[in-house]
Amino acid sequence: MLCIILISVLGIDMGVLLQRSGKVPGVGMVHAPISLLPMPFPESHWKQACELAPIFNELSDRVSLDGKFLQDSLSRTKKVDAFTSRLIDIHSKMLEMNKKEEIRLGLHRSDYMLDEKTKLLLQIEFNTISSSFPGLGCLVTDLHRTLLNDYGEDLGLDSKRIPGNTAVSQFADALAKAWTEFNNPRAVVMVVVQTEERNMYDQHWLCTVLKERHNVRTVRKTLAEIDGEGKLLPDGTLVVDGQAVAVVYFRAGYAPSDYPTESEWGARMLMEQSSAIKCPSISYHLAGTKKIQQELAKPNVLERFLENKEDIAKLRKCFAGLWSLDGSDITRKAIEEPELFVMKPQREGGGNNIYGDDVKETLLLLQKEGSEEDAAYILMQRIFPTVSPTFLMRDGICHREHAISELGVYSAYLRNKEKVIINDQCGYLMRTKISSSNEGGVAAGFAVLDSVYLT
């Protein structure tokens, strides 16, 4: 009972917070959902995930530069997915303008699950936009270490088995180095946020570290505010509310709900046309879509972008089964055994995927309609990780549950023309959810923040 009280109090005291509702910081805040104790995870698979990070960074950068590959791969999706179509239109406009992103910044997170049957570490997805929780994830690691330093002997756990988590400081370092490369000391880093942002404290931690370590100022703006206050100078400089912008850091703009009017789309186009460093640029954004993930898993496609055969083998080893819906054999198998598959649309943020009998029903409906709507989805092998008993804390209440976990490994990539300035693994995010839950988003309400305990 003492541990439960301590972790609830520490969670608030150390700043592991979410906004329940509203726009005003501090009003309606609660401690973020967290686990009572860190989740065991094999050290060998931990090292594997960390080693993959710089390879995925390099792959993502090279894919982003291949406009034809992006356009061709997403051409069928564009016809049936209005949101992705608008993103592709912006990308097409940049290609027409011959717009070059000489300074490219990616703050990524690659998510994995450890499949119980095969003992393989399999990738869920590679996030290129709004990779959340670098701030709160680090705090949860510190919280669990504090708990084990005080009670580890009684629990039979060693705090040294929790790997250090430097995600927030390394993300801040990457943003600061990008700001330096832009070479305008009066410019700011602009964080693009949602109108009602539940995860503002995670963002504030990152901005605070950026200011304290590097003396780089940040401003927070919604897409609508950028449309109303932004303009381009003749030299391409983006100015918002009178301030030049060096880096645009997207923590919004990944979902259709972020673009309720044409104003938001106008803001996205304005930023893409500017000389500001975009994190991510529209090409990086598209490179992280589910359809591109599925295309990269096809035979001989990785070889289009990478030369090192060992790196290619390492990536392929972590690929789960991925298919388009234009193959009759795989579609028939998914209808017969829907529990073995997940249907994924081109969406981020949690709560969008289709599981179980809904897979069968959706596929049968698509077949009956006979349209090209199937191009809006991909099929993915469903991964079944080990189920473990654990304690989950939400709203100050502890629940004993059977749970599964998902490991996210952060990474940063910064390049100026031909010079790679940063290509590093940058800490991690462990999320744990009850085994009966399909989705895994923390801010979306499906999972809790956790830490890794190496075994």
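How do the residues of the lining of the second largest cavity divide into nonpolar, polar and charged? They divide into four nonpolar, seven polar and three charged, where Ala, Val, Leu, Ile, Met, Phe, Trp, Tyr, Cys and Pro count as nonpolar, Asp, Glu, Lys and Arg as charged, and the others, Gly among them, as polar. This is a predicted model, in which local features need pLDDT of at least 70 and side-chain atom pairs count only at pLDDT 80 or more, while totals for chains, interfaces and linings use all residues. Residues are numbered from 1 along each chain as its sequence is written, and side-chain values use heavy atoms, without hydrogens or water.

Stay with this cavity and select Y254, H285, T289, Q346 and E348, which lie nearest its centre among the 14 lining residues. A cavity here is a set of points, on a 1 Å grid over the protein atoms alone, where a 1.4 Å probe fits but cannot get out, and lining residues have an atom within 4 Å of a point. Its volume is about 120 Å³, taken as the space filled by probe spheres set on points joined across faces, edges and corners. Next, colour helix 5 (residues 82-96), which gives the most to this lining, with three residues; helices are DSSP runs of H or I with at least four residues, and strands are runs of E with at least two, numbered from the N terminus.

Now move to the largest cavity, which holds about 160 Å³ of space, and select F56, F126, A287, Q293 and L296, the closest to its centre of the 14 residues that line it. Helix 2 (43-64), strand 6 (121-127) and helix 12 (290-296) each supply at least two lining residues, and the largest share, four residues, comes from helix 2.

Technical notes: On a 1 Å grid over the protein atoms alone, a cavity is a set of points where a 1.4 Å probe fits but cannot get out, and a pocket is an open set with protein on both sides within 12 Å along at least five of seven lines; lining residues have an atom within 4 Å of a point.
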